[in-house]
Amino acid sequence: MKVAIIGIGLIGGSAAKDLRSAGFCTDITGVGRSAKNCALALELGLVDRIVSKEDAITEADLIILTVPVNILIDELLFILDRISPHQVVTDMGSTKGAIIDAIKDHPNRRQYVASHPMAGTENSGPAAAIDGLFRNKVCIICDKENSDSNAVELVERMYHTLGMRLKYMDAHQHDMHAAYISHISHISSFVLAATVLEKEKDEEAILEMAGGGFESTVRLAKSSPDMWAPIFHQNKQYLLEVMDTYIEKMYHFRNLINKNKTEELRQFMADANEIRKILK
Ligand code: NAP
């Protein structure tokens, strides 16, 4: 099994590590953007060779796309235009609707399997790649009926090798759930960090007073803008909906404090505590 990884950062690099150690493939080629990060990926042993995009496509049995989602559509079209019938391509992008819509009429559509492993950290680039990133997490496979069954089986086998549990849904359902579960958390963290930085010009005070609560809530604000800005644009439809609800609830919370409605405030938080039943 020969695998090509296009975009050797946190996600591509972490997948490479675990696929190699599990013996899923015998050869991993990498395609990157900056010469510096390509050299680093090689030095870290994430990939066996850095090759051109064209060579990666010619040589690999399975091509995995792990570039930011705005670049992903053009890269996927480029690959689909060139692959042979035995080859399979998948992507690990955080949005699915725009990508699937862009390639839906391509003659090689069935060789593509759309997927999103729900795993990550706030770090990026090849140095951020870690062992076991995907283990015991959920991966969503979208619109599987539009892919060949052998392509789906190969991608399922890859995710099982990474230790992931698989769920299936259509691309738009995925984007709606991702907006609620993942994307809004990043937005609220970016906004919280920006708010605190604006109010607290004295960085020393932030560092000295930052306890566990602040640190864990703003952790996601360290994430890469290059990766997240395109996700927010592609998932605009569902994100605007969830942001409206979030802003409404924030205003409501503000009013409860402002009007000294202590019992209602207490009840609001008690209702929010119900999240414990879902996330232990
Ligand atoms: P990342 O660490 O920034 O890695 C992206 C890599 O893509 C970088 O190494 C970058 O190269 C490379 N790249 C950018 N443009 C390229 C191009 N035109 N050709 C080839 N390589 C290119 O980002 P990531 O967190 O791994 O995210 C990758 C994908 O996974 C995204 O689609 C994202 O939506 C998805 N995803 C992310 C998470 C998460 O939490 N981070 C979770 C699940 C899925 P350089 O380093 O040289 O710039």
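Colleague: As what does E59 count at 30% relative accessibility?
Modeller: This is a predicted model, in which local features need pLDDT of at least 70 and side-chain atom pairs count only at pLDDT 80 or more, whereas totals for chains, interfaces and linings use all residues. Residues are numbered from 1 along each chain as its sequence is written, and side-chain values use heavy atoms, with hydrogens and water left out. Buried means under 20% relative accessible area and exposed over 50%, with a 1.4 Å probe and protein chains only, and partly exposed lies in between. At 30% relative accessibility, E59 therefore counts as partly exposed.

Colleague: With which residue does R49 form a salt bridge?
Modeller: A salt bridge is a side-chain nitrogen of Lys or Arg within 4 Å of a carboxyl oxygen of Asp or Glu, and the closest N and O atoms of this pair are 3.2 Å apart. R49 lies in strand 3 (residues 49–50) and its partner in helix 3 (residues 53–59), so the pair ties together parts that are 10 residues apart in sequence; helices (H or I, at least four residues) and strands (E, at least two) are DSSP runs, numbered from the N terminus. R49 itself, at 32% relative accessibility, counts as partly exposed, and the salt bridge joins R49 to E59.

Colleague: Which residue is linked with R49 and E59 in a network of salt bridges?
Modeller: A search of the whole structure finds 12 salt bridges. The network that holds R49 and E59 also takes in D27.

Colleague: Are K96 and D91 buried or exposed?
Modeller: The side chains of K96 and D91 meet in a salt bridge, at 2.9 Å from N to O. Both of these residues are buried.

Colleague: How many residues apart in sequence are the parts that K144 and E156 tie together?
Modeller: The side chains of K144 and E156 meet in a salt bridge, at 3.7 Å from N to O. K144 lies in the loop between strand 7 (138–142) and helix 6 (149–161), and E156 in helix 6, so the separation in sequence is 12 residues.

Colleague: How many disulfides does the structure hold?
Modeller: A disulfide is taken as a pair of cysteine sulfur atoms within 2.5 Å. The sulfur of C25 is 17 Å from the closest cysteine sulfur, in C139, which is too far for a bond. C38 is in no disulfide either, the nearest cysteine sulfur, that of C25, being 18 Å away. For the structure, the number of disulfides is 0.

Colleague: How far apart in space are S188 and L220, C-alpha to C-alpha?
Modeller: S188 is found in helix 7 (residues 171–199) and, at 21% relative accessibility, counts as partly exposed. S188 and L220 are 32 residues apart in sequence, and their C-alpha separation in space is 8.9 Å.
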